[in-house]
Amino acid sequence: MKTNLRILTVAVALCIGLFTATAADKHDHEHKATPKGGRLLDKTKPHAEFVVEKDRTVTINFYNHDMKPVAATTQKVTVIADAKNGKATLQFDKKGDSLASKTKLPEGEGYNVVVQFKQTAEAKPSNLRFKLDMSICGGCKRAEYGCTCDH
Ligand SMILES: [Zn+2]
């Protein structure tokens, strides 16, 4: 029992780093476990998932309320990576049901990324900012940027 508690404490502590780095002042966000291990973007409908692929391109997948995949429709996404060697802007193309970035994220990690998300080309963009932390969370075994441990 004590060991379990300690593991839990360590897992929570690992996750706090991420949540303090993000705009965690409001707790109305959901951290559902997305199917591809990515980060669920707040206030997106259908739910949008931000995934860093092995080749460091970014994929945005969409899910309905039951987390079943749905096709991208009118959404427009731009990702701005504020890397140590300068900012990089990633544009996206439709690829199957998802959006795929045309270019890769800059080297390294620990820098901030901003996802500019528009439901339609005319819609007001919402900016979702978080730290790109690729280390694996001890609690949920997901990359920290997609950690779900606040449940
Ligand atoms: Zn976690």
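The chain of this predicted model averages a pLDDT of 86, and 79% of the residues score at least 70; pLDDT is the predictor's confidence in each residue, from 0 to 100. Because this is a predicted model, local features need pLDDT of at least 70 and side-chain atom pairs count only at pLDDT 80 or more, while totals for chains, interfaces and linings use all residues. Residues are numbered from 1 along each chain as its sequence is written.

One stretch calls for some care. Over residues 19–29, pLDDT stays under 50, and the model has seven contacts for them beyond four places in sequence. Two residues are in contact if their C-beta atoms, placed from the backbone, lie within 7 Å. Where pLDDT is low, the predicted coordinates should not be read in detail.

Now for the inside. A nonpolar core here is a set of buried Ala, Val, Leu, Ile, Met, Phe, Trp, Tyr and Cys residues joined through C-beta atoms within 7 Å. Buried means that 20 or more other C-beta atoms lie within 10 Å of a residue's own, exposed means 12 or fewer, and partly exposed is in between, with C-beta atoms placed from the backbone. The largest nonpolar core has 24 residues, and those with the most contacts inside it are Val58, Ile60, Val77, Val79 and Val115. Among the elements giving two or more residues to this core are strands S2 (47–52), S3 (58–63) and S5 (76–83). S2 gives the most, with four residues. Strands (E, at least two residues) and helices (H or I, at least four) are DSSP runs, numbered from the N terminus.

Take Val58: leaving aside neighbours within four places in sequence, Val58 touches Phe50, Val51, Val52, Val79, Leu90, Ser101 and Leu105 by the contact rule. Then there's Leu41, which sits in strand S1 (residues 39–41). Leu41 counts as buried because 20 other C-beta atoms lie within 10 Å. Beyond four places in sequence, its contacts are Ala48, Phe50, Val115, Phe117 and Leu128. Leu41 and Ile60 are 19 residues apart in sequence, with 9.5 Å between them in space, C-alpha to C-alpha.

Two strands pair if DSSP finds at least two bridges between them.

| Strands | Sense | Bridges |
|---|---|---|
| S2 and S3 | antiparallel | six bridges |
| S3 and S7 (residues 98–101) | antiparallel | two bridges |
| S3 and S4 | antiparallel | two bridges |

Tyr63 in S3 stands opposite His47, and Tyr63 also stands opposite Pro69 in S4. Ile60 has Leu99 in S7 as its bridge partner.

Most residues other than glycine have a negative phi, and most peptide bonds are trans. Arg56 isn't a glycine, yet it has a positive phi of about 70°. This residue belongs to the hairpin of S2 and S3, which has five residues between the strands. Arg56 is partly exposed, since 14 other C-beta atoms lie within 10 Å. Met67 is not a glycine either, and has a positive phi of about 60°. Met67 is in the turn of the hairpin formed by S3 and S4, with five residues between them. With 15 other C-beta atoms within 10 Å, Met67 is partly exposed. The peptide bond from Lys45 to Pro46 is cis, with omega near -5°, and Pro46 lies in the loop between S1 and S2.
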